[in-house]
Number of protein chains: 6
Amino acid sequence: MSFNHFDASGNAIMVDVSQKNPTMRTAIAGAVLTLKPETVHAIVEGKVAKGDVLGVARLAGIAGAKRTPDLIPLSHPLALHHVAVDFQVDASQGRIEIRATVRAFERTGVEMEAMTAATVAALTVYDMCKGSDKGIVISDIALIFKEGGKSGTFQRTAP
Amino acid sequence: MSFNHFDASGNAIMVDVSQKNPTMRTAIAGAVLTLKPETVHAIVEGKVAKGDVLGVARLAGIAGAKRTPDLIPLSHPLALHHVAVDFQVDASQGRIEIRATVRAFERTGVEMEAMTAATVAALTVYDMCKGSDKGIVISDIALIFKEGGKSGTFQRTAP
Amino acid sequence: MSFNHFDASGNAIMVDVSQKNPTMRTAIAGAVLTLKPETVHAIVEGKVAKGDVLGVARLAGIAGAKRTPDLIPLSHPLALHHVAVDFQVDASQGRIEIRATVRAFERTGVEMEAMTAATVAALTVYDMCKGSDKGIVISDIALIFKEGGKSGTFQRTAP
Amino acid sequence: MSFNHFDASGNAIMVDVSQKNPTMRTAIAGAVLTLKPETVHAIVEGKVAKGDVLGVARLAGIAGAKRTPDLIPLSHPLALHHVAVDFQVDASQGRIEIRATVRAFERTGVEMEAMTAATVAALTVYDMCKGSDKGIVISDIALIFKEGGKSGTFQRTAP
Amino acid sequence: MSFNHFDASGNAIMVDVSQKNPTMRTAIAGAVLTLKPETVHAIVEGKVAKGDVLGVARLAGIAGAKRTPDLIPLSHPLALHHVAVDFQVDASQGRIEIRATVRAFERTGVEMEAMTAATVAALTVYDMCKGSDKGIVISDIALIFKEGGKSGTFQRTAP
Amino acid sequence: MSFNHFDASGNAIMVDVSQKNPTMRTAIAGAVLTLKPETVHAIVEGKVAKGDVLGVARLAGIAGAKRTPDLIPLSHPLALHHVAVDFQVDASQGRIEIRATVRAFERTGVEMEAMTAATVAALTVYDMCKGSDKGIVISDIALIFKEGGKSGTFQRTAP
C-alpha cells in the first residue's frame, strides 16, 4: 500500500490534478456529540431565549469548510459551490448527530471539506457547552457519502 | 442551565475576560483514529521510504492550534506558548491514538486549542489515507486533562 | 498635521508601542443600515422560522474583530478580551442600528477592532438581504466611545 | 419575503450554485468618508512627503476583496479576476469618495467583494487619520452598479 | 518602462485577467541556503532520529504556495493544481538548494506561488537551525522555468 | 548538534516558552534584490506618476510580519509592537537593499518576523517587476541584528 500524497521518494506533495477534468462532486460527512441529556435539553429549549448553540455551530462549520486548504496541508484550494450543516438531536440520549454536505464542480473531491465542516461544527458545540459539561465526547467522524470523480460513488454502510 | 457564550438576552458574545489575571494553563486533548490494520502497518513501515504520514499530521495539528480563533467563533485569540502532538500506534488493532498538549500563560483556558490540534491532526491522517481506506472513523475526541484557572484541574476518568 | 502611521520620511510603519504600558481599553463603534421597511419586518418576524439574519451578522462581526490585523495594514495584532455586537431595530423606519463593543488590556486602543466588528456585521446583513433589496445603504460608521490609554475618554456627541 | 441564505427550515446555508454556469460579473460599490477639511488637505498635500494615506487604503481595499469569503459567513470563495479602488477627494468639503470595482467570471455575483473592498479602504483611511480627527464618519456604503448573472444589470439612481 | 500592476494614473490594481482564457501554467522557482557544513550534516544525519528539518520545510513551502494571495498584495487568488518542493543537499559545501514546482490551469501565471513556496521553505529551514547557526544566508531566489500563457516559455540560464 | 524544534524522540514541537519572562526583543533582517539598472530607474522615477512599487512592497512586508505564525509552522504567535521596512536603492548597480525591523516585548525572539517581513517585501517587488525583468534575483536574506532574550545581542559582521 502506498499513499498518493507522497512522491516516489516519500516526499509530501500536493498531488497534480491539472490533467483531470472538473466534474460535479458531492460529499456528506457525519459527526456525533455525546453530552449529558440535560445539556442537550438546555440547547433545545434555550434556542430562542438563551442562545442558539446549534446556529453558532452551523455557521462555524460552513466557515470551517472554507478554511480546509489552510488546515489540511496537502489539500487543494477548491471553489466550493454549496455547504450545509444539519443537526439531529436526541435529548433523552444526550446525542447530537451532525451532517455536513459540500458540493463543487472541481478536479478533486470535497470529502475533506465535508469532514472539516462536520468537525468544526462539533468542536464549536463543545466550546459553548464545556463550561457545564466537561465530559463531552465527539465521535463517529466519518465519510457517509461521496459522488463524482473517477472513484465513483461511496455510501457508508451502517456501522 | 445556561451557556456563558450568550448574554442575558441570548445573544452570542466573546465573554469578557479582561478582569481575569493571566495564569498558567495547560490542556491535553485526545482523539482516536480507527483504520484498517494494513493501513496502519503501511503508515508505520513506510515512514522513512514512502512518506511520513504522522509527521505531516503532527505539523497540521500544531498549525491547527494556532488557527483556533479563526475556527471557533466565540474563542479568544491567545498567545500559545507550547504545542505538542503525539501518536500512539497499535497496528494490529488498526488504531492510532492522538494526544495534543497546549500551554499558555493566559486569562482563559486552552482547551479549545488542544481539542483543535488533536482534531486537525486526525483529519490530516484521514486525508492521506482516504484513497485506500474509505471507512476510517475518528472518535473519542475529548478533553483528557486541564490545569490552571478558576475551575481548577480536570482529569478525565477512563471511559 | 501629520499622521503617526508614517515615519519622518513619509514611509508607512507599524507604530512602535513597545514602550507603552498596557492599560484597560474599551471602544464602542456604531453603524446604521437603511433598508426597505418590509425587509426589516421580514428580518424581525422570520427570526425563528425563516432564519436568524441578525444572529449570523452578530457572529460575523465578532469574527471580524479578530481579523482586524489581517485587514488594516498598519494595525497591531491585539489580544481581544471581549467582543459584543448588538442591534436596535426600527422596522417602521427601515433602520437597523449596530453597536460593537471591544475590550482589551493592551498597549494601544481597540477602536479599529470595534469599527471592523460593526462594519462586518453590517456587510453581512447586506449580504443576506441583497437578493430582495438592492438599495440598502450602510452609513454612520463612527466611533461612539473610547476609554483607556493616554488620549483618555472620548464620547461622541449626537450627530 | 424570504432570504435565500436560509433553507426551508430557517437554517443558514451556503446557497448551492453548482448548477449555474459561470458568466462575466462586474460590481462597483461606493463609500464616503467625511473628515475635517484640514485632515483631507493634509492627506492630499502630504502624499509625497508625509505619507500616502490613500495609497495604503487602496492596497487594503484590494486585499480586503480577497478576504471576503473569510469575513462574510455565507459567501462563496470566488476567483477574482480584477480589483481596483479609486478615490475622489473634495478637500473643501472634507469628503473622500471611494469606488471599488471587482470583476470575475463566476457562478455568483461579486457584489460582496466590491462592498468589502470599499469598506476596508474606508476603515484604513479612518485608522490613519483617527489620531487627529476622532469624528470621522463613513457613510453611503452601497452597491452602485452590477452586471452579469440571471438578475441582470443594476444601476443605482442618485440618492 | 511601466509596471502593469498600476493603472494609467499610477494607482495599484489587481490587473484585469477576466478576458484571458485559462491555459496550463507551470513555474519552477529556486532558493539556496548557505549554512555551516556541520549544520547541514546534522540535518541529513538527524532526519530519522532527531527530527526531519527538510520534511517540515517542505510542508511549509507547500502551505506557503497556498497563502500567496494573502501575502502578495496585487496577486490573483488561483486554484493551484500541483505543488512540490524538493531539496538538493551538499553537506560538505554547507549548501541546500530548494526547487519549488507549481502547476495550475489558470488565467495568469503561477510564478509568485513557486517563488513563495521556495522562499517559505527556506525561511522554515532557517527557523529550525537559527539556534545553533546565526549566520545562515538565503540567496539565489529566482524563477528557473515557466511555461504557459501569452509570454511563453522562460528558462533561466545558469547564473 | 540537535535542533530545539524537535523533542527527544525527533518529533516537531512548538517549543515551550511558558516559563520564560517576556523581555524587550528587537530584530533586524536584510534582503537584496538584483534587477536590471533600468528597472530600478523606472522604480525610482515612476514613484509619483507611474506607481509606488516600494510603497506597495513596504506594506506587504509589514503585513507579512503579522502572518509569520501562519507561515512558519513551529513559530509562536507573538504580539508585535513595531514593524518597519526600509529600502536603500542603488539604481546604477541595479540593487535594492531591504531592512526590516521588528520589536516586541515577548517570551521569544522576533527574528522570524523580521526575516519574513524582508522576504515578503522582496517578493512583492519581484511580483511588480517580473513582467519586464524575468532575471531578478533575491539574495542576502539574513539576520543583521538581534537584541534581547537569553542569547543576548547578535550583530552580523559584513559578509
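A polar contact is a pair of N or O atoms within 3.5 Å; within protein, one atom must be able to donate a hydrogen and the other to accept it, and residues adjacent in sequence count only if both atoms are side-chain atoms. By this rule, eight residue pairs (both at pLDDT 80 or more) are in polar contact across the interface of chain B and chain A of the present predicted model. In this model, local features need pLDDT of at least 70 and side-chain atom pairs count only at pLDDT 80 or more, whereas totals for chains, interfaces and linings use all residues. Residues are numbered from 1 along each chain as its sequence is written, chains are lettered from A in the order in which they are written, and side-chain values use heavy atoms, with hydrogens and water left out.

The interface of chain B and chain A takes 55 residues from each of the two chains, contact meaning heavy atoms within 4.5 Å. The area buried here is about 4,700 Å², of which carbon and sulfur atoms give 70%; buried area is the accessible area (1.4 Å probe) that two parts lose on being put together, summed over both. Two salt bridges are counted between these chains, a salt bridge being a side-chain nitrogen of Lys or Arg within 4 Å of a carboxyl oxygen of Asp or Glu. Asp70(A) and Arg67(B) form a salt bridge at 3.3 Å, N to O.

Chain E also meets chain A, with 16 residues of chain E in contact with 19 residues of chain A. About 1,400 Å² is buried between them, 55% of it from carbon and sulfur atoms. Arg58(E), Lys66(E) and His81(E) supply 39% of the area that chain E buries against chain A, more than any other three residues. Two salt bridges are found across this interface; Asp16(A) pairs with Arg103(E) in a salt bridge whose closest N and O atoms are 2.4 Å apart. Nine residue pairs (both at pLDDT 80 or more) are in polar contact between chain E and chain A.

Other chain pairs do not touch. Chain C and chain E have no contact, their closest C-alpha atoms lying 9 Å apart, and the nearest C-alpha atoms of chain A and chain F, which likewise make no contact, are 9 Å apart.

Within chain A, the axes of helix 2 (residues 53–66) and helix 4 (residues 111–129) come within 7 Å and cross at roughly 145°. Axes are lines fitted to C-alpha atoms, for helices over the stretch in contact, and angles run from 0 to 180 degrees between N-to-C directions; helices are DSSP runs (H or I, at least four residues) numbered from the N terminus.

Notes
Helix = DSSP H or I, 4+ residues; strand = E, 2+ residues; numbered from the N terminus.
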